[in-house]
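Here's a quick briefing to keep open next to the structure.

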Amino acid sequence: MQPVSSRLSRRRASWVAAATLVVFAASCETSDPPPRVASVSITPTAPTIVVGTTQQLSATAHAANGDVLEGRTGTWSPQDPAIATVSATGLVTGVAPGGTQISYAVEGVTQSVLVTVIPVPVASVLVTPGLDTLEQMETVQLSALARDAR
């Protein structure tokens with residue numbers, strides 16, 4: 001029969017080997033890959049802005065189950081930069097009256113919204129000359145100047 005100390009040493013060695021194997025196996029486990037982007041939503045969904053003003057757009061990436069995917073970044077682009085431009089952060093600037101699509105693409109998925117740009121509203125109209133009266137059959141050339149609120 002073997003001495004007790006020898007049997008304990010073998011048991012300890014067996015226990016250390018088993019513990020090492022468990023730790024190694026646990027470290028070799030693979031995690032699921034991150035979910036893929038299935039759709040993108042943009043808000044607001046149909047913005048209207050005035051020439052020379054800005055509107056901030058926001059895009060959110062979603063998994064196939066609808067969960068929001070945090071930390072996914074993409075790129076903004078305008079269809080017609082003569083109508084509206086868009087910055088890397090989604091800030092749209094109205095350039096000229098009209099409509100254009102602004103798109104956001106992330107991991108191969110693209111979504112667009114129609115941005116409508118309207119002219120600066122007229123705040124007042126100045127008509128010249130400022131005649132009080134006209135005689136019958138008399139004509140006068142008038143001119144009008146529209147002024148915006150800015």
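**The core, then the rest**

The largest nonpolar core holds 21 residues, and Val-92 and Ile-102 have the most contacts inside it. Strands S1 (39-43), S6 (84-86), S8 (98-106) and S9 (109-118) each put in at least two residues of this core, with S9 giving the most at 4 residues. Keep in mind as you read that this is a predicted model.

**Overall layout**

- The chain has 1 helix and 11 strands, and along the sequence the pattern runs α-β-β-β-β-β-β-β-β-β-β-β.
- Buried residues account for 18% of the 150 residues in the chain.
- If you take the contacts between residues at least 6 apart in sequence, 49% of them join residues at least 24 apart.

- Setting aside neighbours within four places in sequence, Val-92 is in contact with Ile-49, Thr-53, Thr-54, Gln-55, Leu-57, Ala-84, Thr-85, Val-86, Ile-102 and Val-115.
- That list includes Ile-102, which is named along with Val-92 for having the most contacts inside the core.
- Not counting residues up to four places away in sequence, Thr-93 touches Ile-49, Thr-53, Thr-54, Ile-83, Ala-84 and Thr-85.
- Thr-93 and Pro-81 are 12 residues apart in sequence, and their C-alpha atoms are 9.4 Å apart in space.

- Look for His-62 in strand S4 (residues 58-62).
- Why does His-62 count as buried? Its relative accessibility is 15%, and buried means under 20%.
- The His-62 side chain makes a polar contact with the side chain of Ser-41 at 2.9 Å, and the His-62 side chain also reaches the backbone oxygen of Gly-66 at 3.4 Å.
- Leaving out neighbours within four places in sequence, His-62 is in contact with a run of residues from one stretch, namely Arg-36, Val-37, Ala-38, Ser-39, Val-40 and Ser-41, plus Asp-67, Val-68 and Leu-69.

**The aromatic pair**

- Searching the whole structure turns up 1 aromatic pair.
- The partners are Trp-76 and Tyr-104: their ring centres lie 4.7 Å apart and their planes meet at 55 degrees, so the pair counts as tilted.
- Trp-76 belongs to strand S5 (residues 75-78) and Tyr-104 to strand S8, so this pair ties together parts that are 28 residues apart in sequence.
- Both Trp-76 and Tyr-104 are buried.

**The salt bridge and Glu-107**

- How many salt bridges does the structure hold? There is 1, and it pairs Arg-72 with Glu-107, with the closest N and O atoms 3.0 Å apart.
- This pair links distant parts of the chain, as Arg-72 is in the loop between S4 and S5 while Glu-107 is in the loop between S8 and S9, 35 residues apart.
- Glu-107 has a relative accessible area of 49%, so it counts as partly exposed.
- The backbone at Glu-107 is worth a look too: phi is near 50 degrees, a positive value in a residue other than glycine.

**Other backbone spots to check**

- Thr-43 and Pro-44 are joined by a cis peptide bond, with omega at about -10 degrees. Pro-44 is in the loop between S1 and strand S2 (48-50).
- The peptide bond from Thr-128 to Pro-129 is cis as well, with omega near -10 degrees. Pro-129 is in the loop between strand S10 (122-128) and strand S11 (143-148).
- Met-137 is found in the loop between S10 and S11, and its phi is near 75 degrees, a positive value in a residue other than glycine.
- Is Met-137 buried or exposed? Met-137 counts as exposed, because its relative accessibility is 78%.

Definitions and conventions. Residues numbered from 1 in each chain as written. Predicted model: local features only at pLDDT ≥ 70, side-chain atom pairs only at ≥ 80, totals over all residues. Heavy atoms only, no water. Buried < 20%, exposed > 50% of the residue type's maximum accessible area, 1.4 Å probe, protein only. Polar contact = N/O pair within 3.5 Å; in protein donor to acceptor, adjacent residues only side chain to side chain. Contact = heavy atoms within 4.5 Å. Core = buried A, V, L, I, M, F, W, Y, C linked by side-chain atoms within 4.5 Å. Phe/Tyr/Trp six-rings, centres within 6.5 Å; stacked < 30°, edge-to-face > 60°. Salt bridge = Lys/Arg side-chain N within 4 Å of Asp/Glu carboxyl O.
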